[in-house]
Amino acid sequence: MVLQGVSKTFSSNKGSGTVALKDVDLSVRDGAFVSLLGPSGCGKTTVLRMVNGLIKPDSGSVLVSGKVPEPGPDMGFVFQSFRLIPWSSVRGNVEFALADLLPDKAERRERADRYIELVGLKRFGDAYPSELSGGMRQRVALARALATEPKILLMDEPFASIDAQTRELMQIELMRLWTVRRSVALFVTHSVDEAILLADQVVLMGPRPGRILEVIDVGLERPRWSYDVRAEPRFIELRAYLWDRIRTLVLTDPESDFYGRDLGSAV
Ligand SMILES: Nc1ncnc2c1ncn2[C@@H]1O[C@H](COP(=O)(O)OP(=O)(O)OP(=O)(O)O)[C@@H](O)[C@H]1O
């Protein structure tokens, strides 16, 4: 996947428009897990929506597997809000995503059940979203995104509204699932720890205009659930570095609520 010189301005009723992205270059190799990290409004979601083909750049190019991307089964999208169909069961929700891909009903059911089992919800295929906890609903959303076996998995703060404990479990779950099927994964998060924990590369973005400041190789051994990755010197070093950069970005941005505050320097 390659973004080259990508810029995007959204028109606003104030007239001048918002420059969401300016001259963004990003190259992601096949099978890589990439976290997009940066303060609010720096264009993280806009990058995902461009890779998905939902919006087009004003200038520059976005190519996925050498082609201009368009939404479809090759793209799995997981949002912060789960966006499940409330009147449909867990199985129904996953089958719905497969409707175009697998016209045969039995095949569709087999595939849906396989992914429902993979995310640990085997006993809940007939349950409705309202009967599930937030963590379980997010697992349904993951199953739905993974079931089409997409080449690209796009995740926009998928664990932001889940409690801290479930979030840690979901992170491991996601790493396991991604290890099974190494699609390209783009993962937007505000959490520095989460960005490092999951990714091969962390893309640090800055606001006004939205741009890429740095791409950092994480370089921590996988599988990361088999040891205490947060205790590794590399993790601690990266965490301190990224926090420092984000704090500086936020404190020097006149449009930030924290502009000019003295928040100290120790993490
Ligand atoms: N459809 C739109 N119309 C107008 N402005 C938009 C639109 N989408 C995004 N923007 C603006 O573009 C900028 C980048 O938005 P984007 O949602 O990509 O940032 P983000 O880094 O994902 O933010 P957050 O972390 O708060 O979700 C913001 O200033 C936002 O207000």
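Residues are numbered from 1 along each chain as its sequence is written. Because the model is predicted, local features need pLDDT of at least 70 and side-chain atom pairs count only at pLDDT 80 or more, while totals for chains, interfaces and linings use all residues.

**The whole chain**

Begin by showing the chain as a cartoon, where you will find seven helices and nine strands; helices (H or I, at least four residues) and strands (E, at least two) are DSSP runs, numbered from the N terminus. With 267 residues, a compact globule would have a radius of gyration near 18 Å, and the chain, at 19 Å, agrees with that; the radius is taken over C-alpha atoms, and the globule rule is 2.2 Å times the number of residues to the power 0.38. Of the 267 residues, 37% count as buried, a residue being buried if 20 or more other C-beta atoms, placed from the backbone, lie within 10 Å of its own.

**Around the ligand**

Next, select F10, S12, T18, A20, S40, G41, C42, G43, K44, T45, T46 and G210, which are the residues around the ligand, each with its C-beta atom, placed from the backbone, within 6 Å of it. By class, the shell has three nonpolar, eight polar and one charged residues, where Ala, Val, Leu, Ile, Met, Phe, Trp, Tyr, Cys and Pro count as nonpolar, Asp, Glu, Lys and Arg as charged, and the others, Gly among them, as polar.

**Helices α2 and α3**

Now select residues 90-97 for helix α2 and residues 105-118 for helix α3, which pack at an angle of about 120° with their axes 9 Å apart; the axes are lines fitted to C-alpha atoms over the stretch in contact, and angles run from 0 to 180 degrees between N-to-C directions. In this pairing, V90, R91, V94 and E95 in α2 meet R108, R109, A112, D113, Y115 and I116 in α3, contact requiring C-beta atoms, placed from the backbone, within 7 Å. By class, the contact of α2 with α3 has five nonpolar, no polar and five charged residues.

Stay with α2, which is mostly covered, six of its eight residues being buried: V90, R91, N93, V94, E95 and A97. To see what they pack against, show α3 together with α4 (134-147).

Note on methods. A residue is buried if 20 or more other C-beta atoms lie within 10 Å of its own, exposed if 12 or fewer, and partly exposed in between; C-beta atoms are placed from the backbone. Two residues are in contact if their C-beta atoms, placed from the backbone, lie within 7 Å.
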